[in-house]
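Trainee: Could we go through this structure together? I would like to ask about it piece by piece.
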Amino acid sequence: MSILPQLIINSIIAGATYTLITLGFNLAYGTTKFLNAVHGSLAAVAGYIVFFLGRSFGLSIVPSAALGIFGASVLGVVIWRLVFRPLRHRGASPAVLFLSSLGVFTMIQAVLAILFTSQFQQLGNVGSPRYEFFGAVITKPQVIIILAGIFIFATLFILLNKTMFGKAVKAIADDEEVARIIGIQTDSVTTLVFAISSGIAGLAGILIGIDIGIQPTMGLWVFLEGAISAIVGGIGNIYGGVLGSFLLGFAENFGIWKISGAWKPAIAFGILIVFLTLRPKGIVRN
Amino acid sequence: MDYIIHLLIFISIYAILAMSLNLLVGYTGLLSVTHAAFYGVGAYTTALLMKFAGFNFFIALAIGVVIALIASFLIGLVISKLSGDYYALGSLGFNIIVFTIFLNWQTLTRGPLGIPGIPRPELFGFTFSGNIAYLALSFAFAVLVYLACRFIIGSSFGRALKAIREDEEALKCFGYHTSVYKLVIFAIAAGFASVAGALYASYITFVDPTTFYLPESVLLLSMIILGGLSNLQGSVIGAAVLILLPEALRFVGFPDTIAAQLRLFVYGLLIVLLMLYRPQGIRGEYKL
């Protein structure tokens, strides 16, 4: 039996997961222009909210996932208001914002480890249904990841192209100063952008938690896979982000075909380095 | 008394790390999130050469520095072309790759088990086995690194670094190859970090991958920002404060695993608060 169909399926699942992460990441990057490590933390937070609600109150997955997404969204906005917005008002450089996000990231990871220990935890029921597909296996959570990726992509596409909100986001992405001058409420639009992007990060975290599991350190991987996909695709461009996500998904899964999966991080950064040297603006140039 | 000497040894080692990182972040304005990787390269090289090849500490240390220089040169070729948050992300990636190597090249590094039983240094038949002798050794290295950093900062090369920090584009217009300067200072900082790693490995006599991962790089950044960027004394102060602070947590009596996480929490919080309210730290002459 050939291993190829399974590799392709796994690559598509990884690509869809990274797409979910990158969509939210790019949305926020477009308006705020800095690499935000907290994006990954919010995925972990949402995962742990679901874990906590399920363990302590026996809440089923759908309502607890809704609360997890809401929690991530609220926390994202709070951090934006308390940390990033004041810094940006003072004209802080992207490096300072990135460093501060790394500080918040470290705090959240520590809190999660104190509250829930550093152990690996599984979300939802383990023995989920599996489907056969040209000799490859795919589980129900993985099908949901792919569907969620398509759904979020379509929703964002409509939101950005067919609504006033979308126009405002694009205007801020082009030039925040001018956008403010022509009367766009840049502050409330950016806050809303953070709420949406954090919510998407939360959704991604929960789905990863059901598919693979959660750990306090997962935030780092979510952030890095999101940032690498975004940079490879062309940062700030949501369509490029999707391309970057699938490129990363395929490269990682075909890369670990011959070598151990433990080297996945090295493959991801290898790709980042290749792009930073040869094509720093990514696949889709802005 | 022994406990105080132990803390002073740690402060010396971290002062070396903080001063060398300050060359990059404070003087050149490059946010490097990979210093722990070179610290680890020095520690692992010394550990392996001393334990399995019977090398003398000082030769192992020198070889560690050479390996750190080579590694930093290779990665520096890529990231020296970047700036700002991209530089930070690129360097962070290198920290993760090095950690992955420590963790997964099991035939060489024994992976997560780490390497125990690293011998203490020996010089002309004298073994630095006592803690006072070790303090003298690590303090001497810290002073040497301090003097070397002073020399670098005072030289024309150091002035060019500060100019890169203030306005890289302008300096390029004057015909300076700024990426060469950024590469050289990156390698120098890596070499010093590797010295600290050698001192750490031979003092603790044990190394494992987690010591040289991202949280350590974040800790080093909090140290130099707290002490103040672009100020060497500030780095020493920052290192001392952040080595002593967690000891207070220990006396409060938290269990070890929680104390470790609380420490990380404090480092993160410190970075956020400093960035928001006092980006120049205690004695900084520059803020990011």
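Trainee: Is E166(B) buried or exposed?

Mentor: E166(B) is exposed, with a relative accessible area of 51%. Buried means under 20% relative accessible area, exposed over 50%, and partly exposed in between, with a 1.4 Å probe and protein chains only. Please keep in mind that this is a predicted model, in which local features need pLDDT of at least 70 and side-chain atom pairs count only at pLDDT 80 or more, while totals for chains, interfaces and linings use all residues. Residues are numbered from 1 along each chain as its sequence is written, chains are lettered from A and ligands numbered from 1 in the order in which they are written, and side-chain values use heavy atoms, with hydrogens and water left out.

Trainee: What does R165(B) form with E166(B)?

Mentor: The two form a salt bridge, with the closest N and O atoms 3.0 Å apart. The term stands for a side-chain nitrogen of Lys or Arg within 4 Å of a carboxyl oxygen of Asp or Glu. R165(B) is buried, at 16% relative accessible area.

Trainee: Which residues are in the network of salt bridges?

Mentor: R88(A), E176(A), E177(A) and R180(A) are linked in it. Within it, the side chains of E176(A) and R180(A) meet at 3.5 Å, N to O. These two are 4 residues apart in helix 7 of chain A, so about one helical turn separates them. In general, an α-helix has 3.6 residues a turn, so residues three or four places apart point the same way.

Trainee: How exposed is R180(A)?

Mentor: R180(A) is partly exposed, at 40% relative accessible area. R88(A) also counts as partly exposed, at 22%, and E176(A) is partly exposed with a value of 22%.

Trainee: New topic: how many residues does the contact take from chain A and from chain B?

Mentor: The contact takes 42 residues from chain A and 36 residues from chain B, where contact means heavy atoms within 4.5 Å. About 3,400 Å² is buried between the two chains, and carbon and sulfur atoms give 83% of that area. Buried area is the accessible area (1.4 Å probe) that two parts lose on being put together, summed over both. Across this interface the rule finds 0 salt bridges. Helix 4 of chain A gives the most to the side of chain A that touches chain B, with 16 residues.

Trainee: And helix 8 of chain A, why is it described as largely enclosed?

Mentor: Of its 26 residues, 21 are buried, so helix 8 of chain A is largely enclosed by the rest of the structure. This helix covers residues 186–211, and G213(A), which follows it, has a positive phi near 140°.

Trainee: Where is S41(A) found, and what does it touch?

Mentor: S41(A) is found in helix 2 (residues 38–57) of chain A. This serine is buried, at 3% relative accessible area. Not counting residues up to four places away in sequence, S41(A) touches F105(A), I108(A) and G219(A).

Conventions: The expected span of a helix is 1.5 Å times one less than its number of residues.
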